[in-house]
Amino acid sequence: MRGFLALRYAFAGGLLLLMSGLSSAATEHFTSDIPLLKVEHLSPEYWLAKQPNAAELLLTPSQIVQRNAQTFAQQAEMTPIAEIPLQFSRAELLKVIEQVSAIPPSPRFFADGKPLQESDWAPIQQQVNRVGVAENTRTQFALVTKRSALLAMPTTLRVFNDSMSLDLNRLQETALFVGEPVAVLHQSADGHWSLVQNYHYSGWVATEALALAPRQQVLAYAEQAPFLVVTGARAFSNYVPNQPQISELQLDMGTRLPLLSAAAVGHNLYGQNPHASYIVQLPTRNAVGQLQLVPALLARNQDVHIGYLPYSTEHIVRQAFKYLGQRYGWGYDYNGVDCTGFLVDIFRSFGLLMPRNSGQQGYGEFGQNVRFTEQSSHNTKLQAIKRAQIGDFIYRPGHVMLYLGESAGEPFVIHAVFDLAYVNAAGEFYRGTLNSVSVTPLAPLYLNAEQSYLDRIYAIKSLR
């Protein structure tokens, strides 16, 4: 089977090069160890040209609101901030802490390969502060003031599993973004960390990244209109002398910010005329940790949109390619994205919300789902993939990919992915690295020497 696949993809790769009609000048500066990949695949235009109705609206704004309501109803791990309890009993809060911060059952290691012992976990678990949980704890609410890591434990320590990939900190869970509303449930023993819950995840974040406010004010900010949405992989607020909280602040794809007008704030903001910028409202933290909302400027050259983007195939593909080449970041580490964060950010640009983890997404009931069993053949899966729509999700355990369509009969995907493995033209198992948002064919890829991606694909999901 391996030999057949190797010959098939070696032949197909040569055929693609011949069919592409590329001049030697156009191809000599592009080389890749990814099978079947050619430089045209790295452009959104290539894939959109194959989709004649790419600009057609897939869901209206009201349908997106309805879809979100259905997703929250179907996915137990998702809770609207407005529905988080206003207080937790000691037993309830300890249960949350245990779910978030239990010591992993499998070994963890320091960067030098030394395994963590019970004595290494003890000071971290002390910071978790179970003894500080009262009989009843009032829930607080906050807005996030800067992009911040959300962690399994209140520590900056990086720990790894037995594969010892130093890019994958196993205490890193996800990230929080500017303007995101959260419920604050608990604090670490030293107060430097807060246990928070957003709409789809719980974890520890640096307390200095939170600005506390009444729930009504937090929710009002998140729902305020008109609003601006960041549609680039990232945008930055304008430089402001002597105000570091709002100066050149990173704003990530899907971030929603209230939009203000010069009529309200004036024509001189921090020494700059706002006519060539958007005026947005940013959350800041005062000296005692409370919320202060302040105006800030985003230059009109930033990749932003007034309101959510129209939900179309064209915009899905264009949003995805804005991340192309960005370094992979497990749990948004390294200021990057992982496979599910990549999708979450893209679809936040349209106002669509979904679970954070790939298993919660792939096995979840939201959307329209095609499922496979262990007995499903490669051909069954390939035929289902060929029937998929551009922008659908394809799942294997621990990973999700965004479907781009076919090139020369081969299905291609774009995904935030760490490893690269396949059987090469000589029939040998090849392992390289991707470690970025990458365009790849689907069928040739392997997880390891025994299992291909196709072996492990278990679902296709559509959000149309």
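Which residues have the most contacts inside the largest nonpolar core?

Modeller: This is a predicted model, in which local features need pLDDT of at least 70 and side-chain atom pairs count only at pLDDT 80 or more, while totals for chains, interfaces and linings use all residues. Residues are numbered from 1 along each chain as its sequence is written, and side-chain values use heavy atoms, with hydrogens and water left out.

A nonpolar core is a set of buried Ala, Val, Leu, Ile, Met, Phe, Trp, Tyr and Cys residues joined through side-chain atoms within 4.5 Å, where buried means under 20% relative accessible area with a 1.4 Å probe, protein chains only. The largest such core has 73 residues, and those with the most contacts inside it are Tyr311, Phe342, Phe347, Phe393, Ile394 and Ile414. Its largest share, 8 residues, comes from E22, a strand being a DSSP run (E) of at least two residues, numbered from the N terminus.

Tyr311, leaving aside residues up to four places away in sequence, touches (heavy atoms within 4.5 Å) a group including Leu57, Ile64, Phe347, Leu463 and Arg464.

Phe393 has Leu402 in E21 as its bridge partner, and 4 bridges join the antiparallel strands E20 (residues 393-396) and E21 (residues 399-407). Both belong to an open, antiparallel sheet of 6 strands in the order E19-E24-E20-E21-E22-E23, where strands pair if DSSP finds at least two bridges between them. At the edges lie E19 (368-371) and E23 (429-441), each pairing on one side only.

Notes:
Buried < 20%, exposed > 50% of the residue type's maximum accessible area, 1.4 Å probe, protein only.
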